[in-house]
Structures are given as structure tokens and as C-alpha cells.
Amino acid sequence: MAQTFNTETRLAERIRKEDPDLFVTWYFPNTYEIGMSGLGYQLVWWLLEQDPALVVRRGFTDAEEPWQGLCDLLGFTVSWELDFINIISLLRKNDVPLTAKARLEESRERESRKDPPLPLVFGGGPVLTANPEPFHELFDVILLGDAETSVPSLVEAYRNIKKEVGGDREQMLYLLSQVPGLYVPSQYTVEYSGQDNAPIKSISPIRAGVPPVVQRQNFAPPSEYATHTQILSSATTWSERFLIEVVRSCPQECRFCLASYLTRPFRATPVDTLMTKIEEALKHTSRIGLLGPSVTEHPLFDELAKRLAHRSDIDISIASVRADSLNENILATLKALGQKTLTIAIESGSERLRTVMKKNLSEAEIFQAVELIYQAGFEGIKFYGIAGLPHERQEDLEQTVDLLQRLKKKYRSLRFVFGVSSFVPKAQTPFQWHGRDRQSGKKLEYLRKNLARLGIEVRPESHNWSDIQALISRGDRRLAPVLESVSGLGENLGAWKKAMRNLPTGVPNLDYYAFREIPLEEVLPWQHLSDETKSAYLKKHKSEAALAGA
């Protein structure tokens, strides 16, 4: 589908590639429409494109830029756990063996025949940074932390090591494992404490020189830096909308939230930088999107809103806002700039449960936010909620219904939508030790039925798919054959159910990964990717949540 590339307007400066020494294929393992809508994918492309001696081509499941011959590096961004099926398909399409072990064996054969070497397969993105272990066989190298540090580190290290070891793939991987922020799964061995649902006993480097803990790398941006769209396209989900990152991470650190803990510390893009980039983008499009876990957490968002208000030729879209950060000026500006609805994550109507999850949001603040939104003349509000959170009781669900009922009764003209999912434990968060609630399906139905009666549109996520997300989120290396089995059966729940009914010997069941409470002393699959300081910090938050939930 080459026509998709014809819809593009390139904002990034073109770099002359006079004598390239490195060729990279960079995939998003889904469609062009979805992939080119994401800032993460575009950011890594731009980081690679800046190198004058590197040629990078983009690829998707339905479109690829033209290419001839083998590349040196073949990479994937993984922002959704279930995209692994497409990664397997794309590796097959490129005639690349599916596992790091198979690639190493074929590389030895190629070297003996003097054939061109296979590319190194690398991956990055939030799924892999949190817990790459279920996918360990697919990748030679995994980038941990901010792309602005890990991508240049990979490129520089690959160049230098290649000069030193040539086509010796085994030695290449060994030396790459010593680069901060680069995780080479094949350089670690995992020992289990027994068979059938046995926990991990230890995770150890296979040889001296490989670090016992891989440290993710944080990016300290200069004042003039902002992550933003580099290529506009009418063929994306956002269709010609220029996206710019207003904040990275979130200072609230809700205890279930991967975005808060995975991308710490909280960073806000300077307002002058935001305005400079937006002014440049307005030469090409009037549609601007402000991104971040909660963009109104920007300490100078008031100033940004005022400066944007002076533009009459702009259509603003804003991601989720925090209820207690809204005021009349911000809302008046957003309304004037074309925003018709706002999204607020309340998670629960229970004050007690919001305290448990460290939401830092009172009922009075929620009512005040809705009042301000109503007075500003918005058409509606989308609330986000979660069912099945740790320490949740039936009365917490009842309080969610009660809160929304009182809001709807007072603000009848506002259209309310309630998007609700069930709790999925995420690696490297304080709630990583908690299992899923077995009653999640019933709880979602309780909310749907009782809120629908009030005239509130409810959009529940599938609790069955959330089971699978939890399986992968807390999975370990023993899941690898299950993923391969599912990839051959199809992308549906039936494939997963069949695979989980026919588990290979030694592979734990769904209950082990998704539902059980993990003891604090147990070795976690991602323990070698998180240092003791962070682990202690997460345990502290878990303990505080338990006290609040008592």
C-alpha cells in the first residue's frame, strides 16, 4: 500500500545520506493508520533518521517503504501486548528466524559460507520496558528507558562493536549487554524452584561482565526539546493532527498506573518550546493535539492555554485532564479552541478506594470540576473507571454508581460516558504483586446495568481480554511456547483458551500468572530489570495502600 506514504507531509529536516554504513528497518507491528498515529514510533524513526550515516525505512503490517537486501538492524516498537503475533508474522515475511537462538545458529552457518549476516532484532516501547520476559526469544536486544538515550546508545555501540568483532554475533551480543539501557535476554539464565506453577528461584548472567541488573536510562531534555509529530498524514487515526508531548510521566503516581512508574521522573516541556513547535506546525495544519498522562498537570498550563487562546486558526485536541487542575481560564480557552468534551479519570466513586490507589482526588474536587465544565458550556464528559482494584468492596462499586447518579441529576444537559476496565496488574508498579479479581466480569456488568438506567453510556472493556493482558504483563520466559502456539491458532480468545488448555510441561497456568497474589519475597520475572531502590519504593507504596484499604 505505497499510496499511504503519498499522504505524508514531512516536518523533519531531510538529512543527506552520502555514505551510509548502517541500514535499519523500523516496524510498527500493526497498520500504518495506527502506527503513524503514535509519537513513540515517530520518535524512534526521527532519532535514527538524524544520523547522516544511517538509512532507516519504515514498515507496518499493511505498508512498507521500498528496500532491497538485508538490513543491519531490524526493530519493533511494542505498545500493546497482543501485537506479538504481528511481530512473528513480520519476521517470517523477512525470512528472519523467530528466536535469538535460531538466529545465532544460522549466523554461524552464514559466516562459514561467507554469506551476509542476519540482522540483529531489537525492540522497545512500554510493554518491553516493563516486562519483556514472555517475548525474550523474539529479540536479540531490548531497549529499556527513554528512546532518546537508548536508541543512540544502540546505534553507537553496534557500530563500534562491529568494527571490533566483525560478524561474530555471539561476541556482539555479549558486548552489547554491557551497554547501559540495553538488555540482551540471551545473556541471562533463569532457574525455577520446581515444576508446574513453581516460582522463579534466580535470574543470573551467564558470564562475567554481564551486569546482574540492567538499568533503564532516563533522558534529561534540553530546554528547546519537545517530542512531537515528525510526519503528518491524512491516513492516520488522527488525520493531519500535529501531536506534541506536554508532559512525560505523572507526579501523582497512582499505584496501578504503568505510565507513572515506568517513565519517572515527571518532566514538563517548557511553554516557550511548546509554542515554538506549535507555531511551526501551524504552517502545515490547524489541528493540534496536546499529549501526556494528564496535560493539565503541566505547572504552567495556565500560561500555555492563554498563549494558545490568541490563535483563531487552531483546532485543539487534549488528552485526559486531571479534575483538580481545571479552572475557568483553562476551560474557557479549551472551549474557544474547539474542544467539545473532556475526559476525566476518576477510577472509582469511593473516596476510600481512591485513597488506596493514591488518586489524590476528593469528591468535592470532582463536583467542582464538573461544575466548571458545565459553566464553560462543554457538551459532555467522559469518565474513566476501574473495577476489581485491590482492596475493593461491593460498597465501593455502589458509591461509583451513587456519585455518577448525583452528578447526572445535577447536570442533566451534560452527556456522560463512563469507560470502565477491570484491574490488570502491571509489572514495575506498586500493584504488581496483586492478582486480578475473579469477579471482574460481574462487577463490570453491575456498573453497566446500574449506570445505563441513569442514561449514562457505559463502555466496558472485555474482562476476558484483560485476563490475557495480565497473563502477559506478569508472565515469564516459560510463556514463550504459548505465544508461539497462539500465533499459529489466530488472534482471538478461542486461540488463547485452546493454548491454555494444552500447556506444555512445566508452563504455569492462567491462575498462576493472572490471579494469584505474589509474595513480596518471590523473585519477579523482571527483577533483574529493576534495581533495589525502585523495588523498595514500590513495596512502600503497596504497604501504604494496604493500610488505607484496611
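Biologist: Is glutamine 428 buried or exposed?
Modeller: Glutamine 428 is buried, because its relative accessible area is 2%, where buried means under 20% relative accessible area, exposed means over 50%, and partly exposed lies in between (1.4 Å probe, protein chains only). This is a predicted model, in which local features need pLDDT of at least 70 and side-chain atom pairs count only at pLDDT 80 or more, while totals for chains, interfaces and linings use all residues. Residues are numbered from 1 along each chain as its sequence is written, and side-chain values use heavy atoms, with hydrogens and water left out.

Biologist: And where is the place of glutamine 428?
Modeller: Glutamine 428 sits in the loop between strand 18 (415-422) and helix 15 (440-452); helices (H or I, at least four residues) and strands (E, at least two) are DSSP runs, numbered from the N terminus.

Biologist: What is phi of glutamine 428?
Modeller: Phi of glutamine 428 is near 65 degrees, which is a positive value in a residue other than glycine. Most residues other than glycine have a negative phi, and most peptide bonds are trans. Glutamate 253 also has a positive phi, near 55 degrees, and is found in the loop between strand 12 (247-248) and helix 8. Glutamate 253 counts as buried because its relative accessibility is 9%.

Biologist: Which residues does a cis peptide bond join?
Modeller: A cis peptide bond links arginine 264 to proline 265, with omega about 5 degrees. Proline 265 lies in the loop between helix 8 (258-262) and strand 13 (267-268).

Biologist: New topic, then: how many aromatic pairs does a search of the whole structure find?
Modeller: The search finds 19 aromatic pairs, and rings of Phe, Tyr and Trp (its six-membered ring) pair if their centres lie within 6.5 Å, with planes under 30 degrees apart counted as stacked, over 60 as edge-to-face and the rest as tilted. One of the pairs is formed by phenylalanine 28 and tyrosine 41, which are edge-to-face at 5.9 Å centre to centre, with 85 degrees between the planes. Phenylalanine 28 lies in the loop between strand 2 (22-27) and helix 1 (32-35) and tyrosine 41 in helix 2 (residues 39-49), so this pair ties together parts that are 13 residues apart in sequence. Phenylalanine 28 and tyrosine 41 are both buried.

Biologist: Which residues form one aromatic cluster?
Modeller: Phe5, Trp26, Phe28, Tyr32, Tyr41, Phe60 and Phe122 form one aromatic cluster. Threonine 77, in strand 4 (residues 73-77), touches several residues, among them Trp26, Phe28 and Tyr41, not counting residues up to four places away in sequence; contact here means heavy atoms within 4.5 Å. Threonine 77 counts as buried, because its relative accessibility is 10%.

Biologist: Which ring does the charged end of lysine 408 sit over?
Modeller: The charged end of lysine 408 sits over the ring of phenylalanine 416, 5.2 Å from its centre; the condition is that NZ of Lys or CZ of Arg is within 6 Å of the ring centre and within 35 degrees of the ring normal. The charged end of arginine 516 likewise sits over the ring of tyrosine 512, at 3.9 Å from its centre.

Biologist: What about helix 15, which of its residues are buried?
Modeller: The buried residues of helix 15 are Ser440, Lys443, Leu444, Leu447, Asn450 and Leu451. Seen down the axis of helix 15, these buried residues fall within an arc of 145 degrees, so they line one face of the helix; the arc is that of the directions from the helix axis to the C-beta atoms. They pack against strand 17, helix 14 (394-410), strand 18, strand 19 (457-460) and helix 16 (463-473).

Biologist: Last one: how many disulfides does the structure hold?
Modeller: The structure holds 0 disulfides, a disulfide being a pair of cysteine sulfur atoms within 2.5 Å. The sulfur of cysteine 254 is 6.2 Å from the closest cysteine sulfur, in cysteine 250, and this is too far for a bond. Cysteine 254 counts as buried because its relative accessibility is 6%. Cysteine 71 is buried too, with a relative accessible area of 8%, and lies in the loop between strand 3 (54-59) and strand 4.
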